[in-house]
Amino acid sequence: MITHPNKVALITGANRGIGLETGRQLAKLGFTVLLGVRDLAKGEAAAKGLDGHVEAIALDVAAPDAAARAADEVERRFGRLDVLINNAAIHYDTGSRALRPDWTVIREAFETNVFGAWRVAAAFAPLLKAGGHGRLVNVSSEGGSLASMGAGAPAYSTSKATLNALTCVLAAELRGSGVLVNAICPGWVATDMGGPGGRPVAQGAASIVWAATLPDDGSTGGFFRDGKRLPW
């Protein structure tokens with residue numbers, strides 16, 4: 001097992017579910033893990049349940065200035081960021097239909113799933129580039145794949161499709177900097193959002209960790225699940 005001592009990883013939406021399990025796995029690999037959370041008390045409690053160097057950091061991706069404040073804190077305290085995982089997401093609206101839109105849900109979904117991830121990526125890009133070996137992972141979903149998209153979950157699916165498009169743009173802009181940018185579908189996972197019946201959360205998180213630990217000659221600008229490429 002390859003370990004990554006002295007490297008720092010930040011995960012948004014990380015006090016439970018896939019985000020927390022991803023933090024657990026990265027900590028086992030030697031990373032210093034920062035759990036980005038809206039509620040710092042809940043994040044600190046979650047961090048105490050993990051082995052290794054794990055801390056919570058206040059980061060509500062839907063708050064306009066939160067990403068910039070968090071980036072300043074990470075730079076001041078650690079001087080680097082090696083891995084950024086945009087995991088925070090809301091509104092898996094399976095019972096909704098695009099022709100009966102709930103605009104509140106749709107706006108909230110885009111605010112977190114797209115604009116939140118975008119703000120965080122922009123705020124932390126300088127730190128990722130500074131090390132020359134950064135990894136930016138956008139946790140997406142095959143529900144956002146245009147190749148297989150159908151009816152249902154309109155807020156979630158269209159926001160994830162937009163996140164996929166953002167992944168392509170960020171990968172192109174960061175190409176040559178040493179930062180690899182990929183979108184990852186963890187699959188249907190048994191979490192609070194996914195509900196019961198999905199595969200174990202550890203398997204979904206393993207896909208994310210794969211992208212977070214790619215070698216320098218690894219893929220960038222791709223969409224993957226379990227290390228296998230998915231159609232956009």
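Trainee: Why are α4 and α5 called roughly parallel to each other?
Mentor: This is a predicted model, where local features need pLDDT of at least 70, side-chain atom pairs count only at pLDDT 80 or more, and totals for chains, interfaces and linings use all residues. Residues are numbered from 1 along each chain as its sequence is written, and side-chain values use heavy atoms, leaving out hydrogens and water. The axes of α4 (residues 103-131) and α5 (residues 154-174) cross at roughly 20° and come within 9 Å. Axes are lines fitted to C-alpha atoms, for helices over the stretch in contact, with angles from 0 to 180 degrees between N-to-C directions. Under 35 degrees counts as roughly parallel, over 145 as roughly antiparallel, 65 to 115 as roughly perpendicular, and the rest as oblique. Therefore α4 and α5 are roughly parallel.

Trainee: Which hand does the crossing of α4 and α5 have?
Mentor: Right-handed. Residues making the contact (heavy atoms within 4.5 Å) include F110, N113 and W118 of α4 and Y156, L163 and L170 of α5.

Trainee: What makes α3 and α4 roughly parallel to each other?
Mentor: The angle again. Helix α3 (residues 66-78) packs on α4 at about 25°, with the axes 8 Å apart. Therefore the pair counts as roughly parallel. The crossing of α3 and α4 is right-handed. Among the contact residues are A67, A71 and V74 of α3 and V120, F124 and L127 of α4.

Trainee: How do you know that T167 is buried or exposed?
Mentor: By relative accessible area: buried is under 20%, exposed over 50%, partly exposed in between (1.4 Å probe, protein chains only). T167 is at 0%, so the residue counts as buried. T167 lies in α5. Not counting residues up to four places away in sequence, T167 touches N138, V181, N182, A183, G222 and W232.

Trainee: What makes β6 and β7 a pair?
Mentor: Bridges. Two strands pair if DSSP finds at least two bridges between them. Helices (H or I, at least four residues) and strands (E, at least two) are DSSP runs, numbered from the N terminus. Three bridges join β6 (residues 180-184) to β7 (residues 222-225), and these strands run parallel. A183 stands opposite F223 in β7.

Trainee: In which sense do β7 and β8 pair?
Mentor: Antiparallel, over two bridges. F224 has R229 in β8 as its bridge partner. Two residues separate the strands in this hairpin, and D226 takes a positive phi near 55°.

Trainee: Why do β3 and β8 stand at the edges?
Mentor: The open sheet has eight strands in the order β3-β2-β1-β4-β5-β6-β7-β8, with mixed pairing. β3 (54-58) and β8 each have a single partner strand, so one side of each is left without a neighbour in the sheet. β3 pairs with β2 (residues 32-37) in the parallel sense over five bridges. L34 has E55 as its bridge partner in β3.

Notes: A crossing is left-handed if the near helix is turned anticlockwise from the far one by less than a right angle, and right-handed if clockwise.
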